[in-house]
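Please consult the sequence and structure shown here.

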Amino acid sequence: MAAFTIDAEGLRKDYGTRTAVRDLTLQVGRGEAFGFLGPNGAGKSTSIKMLLGLVKPTNGRALLLGQPLGSRDVRARIGFLPEHFRFYDWLSAPELLMLHGRLCGLPDHDLRRRVPRLLDRVGLASNNSKPIRSYSKGMMQRVGLAQAMVNEPEILFLDEPTSGLDPGGRKLVREIVREQRDRGATVFLNSHLLGEVEQSCDRVAFIRNGQVIGEYAMGAWQKQQTTAEIDATGIRSAAVALLELMDGVHVESHTGRKLRLRVPNEASLPEAVRVLVENGAGIYSVIPQRVSLEDLFLEMMGSDPGL
Amino acid sequence: MSDQVFRPANEGLAQSAGGEFRAGSLIVVRCGPRALRTVWIMAQVTFLEAARRKILWLAGIAGVAFLGLFWTALHSMLRSMAPNITPVARLEGVRMMTMMVLYAGSMMTSLMAALISCDTLSGEIASGTIHAIATKPVHRWCLVLGKWIGFIAILALYVLLIEGGTIAIGWIEGRHATPHAGAALGLIGLQAVVLLGVTMLCSTRLSALTSGACSLGLYGIAFLGGWIEQFGALRHVKACVDLGILASLVMPSDALWRRVAMKVQPPIMGAAGIGPFSSSIVPDNAMVIYAVIYSLAAIVIAQIIFGRRDL
């Protein structure tokens, strides 16, 4: 069994003189929910299409489940929900799932059991014979989600799965990501809704100008340098001076009861509080200023606003 | 990173799909039971789409109206004939009218072939519908072949309705048994398949509208080429004959019609010289074989292009 379900190194895609993806290098492990983030036009969709074998890379190498990109054996073991999922909308939802299941090579008797279960899982009635074109956008997205899971894939690629979904639908996507991860599948999630990614993923990668510029385990950036706001009475200047002497600690501001500190990590906060208390301060609250994924995203992307 | 073991649902999916055949060093064709299943599934889907989108029903209603018009016209013509007209002259009138309607039907069938297929690949590529399909464990060439077979089934029904109906009405109303009716139906069907192949080939690279315009443009060139060839034959202008032959090689649709005309036309029309219902120069069987190879080549090239292009 391959060490990584997705192992890409230096994947590049040029369209004539335009480079869509410059350097896609990433590894994703089994049972991992992986967020893939970047502004519009950063090369996310092209990257996913290369991994799925829809687009041939100009350069680089990659393996999915230990096999070359695009091989049929690999495609039998992956699921894909494309962005703006379009399908044969003259079919009913059960018919569409039967079609996709049959294209996956699944026998009809197996599908007859599996399809109602899947539709039920995504919150759609399994006996609905109406054509999909009569569905709302959210219902269509749910059908798309079900078709991506019809073959119980080992890697599930979800490209903007929550677009068009109401809060209930977004919760459903989070649950499905968790379920897939729990049964050992890898989930590769591309979404602009960073809050969803933050709640669903174990790790994220940032792509900008067609290049992966950073990878983080979820919340790892919280353990790095952070700030805290302290509400306390009797903060003496001697205490502030002592705080400044602490390794990596910097007092950003001090106004009346409010003290704003930058610390190397959250673990430094108890020591800072001890210094204040020993110097006569009365602590009312200590609030670490958490860096959200959105803050990190904006910091990583710098001035690149996307397209 | 988790070190969980994946629980496979479909262990059979990883099995090999079948044998592998190599043709030259560039083209690798793999087929097996699963490939045939994919072709069959896509053929069914294509046919079902035409039915669900009401293309079949509307084409059927239009076809019935077409036949109704012909029947009424033929009936009126026969009633208006002088009582002392000879049976031969009466039959000649029926044959001429049947021929005209067969010609109109062949044009409708060719148009139908281009219109129903121009959107099939380009439309699905543009909308992204193909993304969820092409990421399934299927050969891309199977998708193209399946659609092609589905369209051929639709066109076969259409030819049977329009042209078969025309021949049947000619017999019922005018007691005229169209000679070589089976061959005529086959050739008109082949004409549609030629258009279908070209349209699908264009559709692998061009937009739906451009694909339709391209194949109908070629159809127009073939039509004009047929006239030029016959004109050249009548006036003994070799350059015109050569141009007509060249046009037939570029698009053999008109040559196939002239073959149909030769088989079913009344002798008087053949003697009349040029015209859409006549054929003073009759393409031989080699042109029919060429048209078969042409349509097969078009769909094979479409499969190769679709198999290699980025989606």
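In this predicted model, 36 residues of chain A are in contact with 31 residues of chain B (contact: C-beta atoms, placed from the backbone, within 7 Å). On the side of chain B that touches chain A, two or more residues come from each of α1 (33-52) and α5 (129-134) of chain B; α1(B) gives the most, with six residues. Helices (H or I, at least four residues) and strands (E, at least two) are DSSP runs, numbered from the N terminus.

The model is predicted: local features need pLDDT of at least 70, side-chain atom pairs count only at pLDDT 80 or more, and totals for chains, interfaces and linings use all residues. Residues are numbered from 1 along each chain as its sequence is written, while chains are lettered from A and ligands numbered from 1 in the order in which they are written.

Chain A holds an open sheet of four strands in the order β12-β13-β11-β14, with antiparallel pairing (pairing: at least two DSSP bridges between two strands). Its edge strands, β12 (250-255) and β14 (282-289) of chain A, each pair on one side only. Between β11 (226-233) and β13 (258-263) of chain A there are six bridges, and I230(A) stands opposite L259(A) in β13(A).

Two helices of chain A lie against these strands. Angles run from 0 to 180 degrees between N-to-C directions, with axes fitted to C-alpha atoms, for helices over the stretch in contact.

| Helix | Strands | Angle |
|---|---|---|
| α9(A), residues 237-245 | lies across β12(A) and β13(A) | about 160° to β12(A) |
| α10(A), residues 269-278 | touches β11(A), β13(A) and β14(A) | about 155° with β14(A) |
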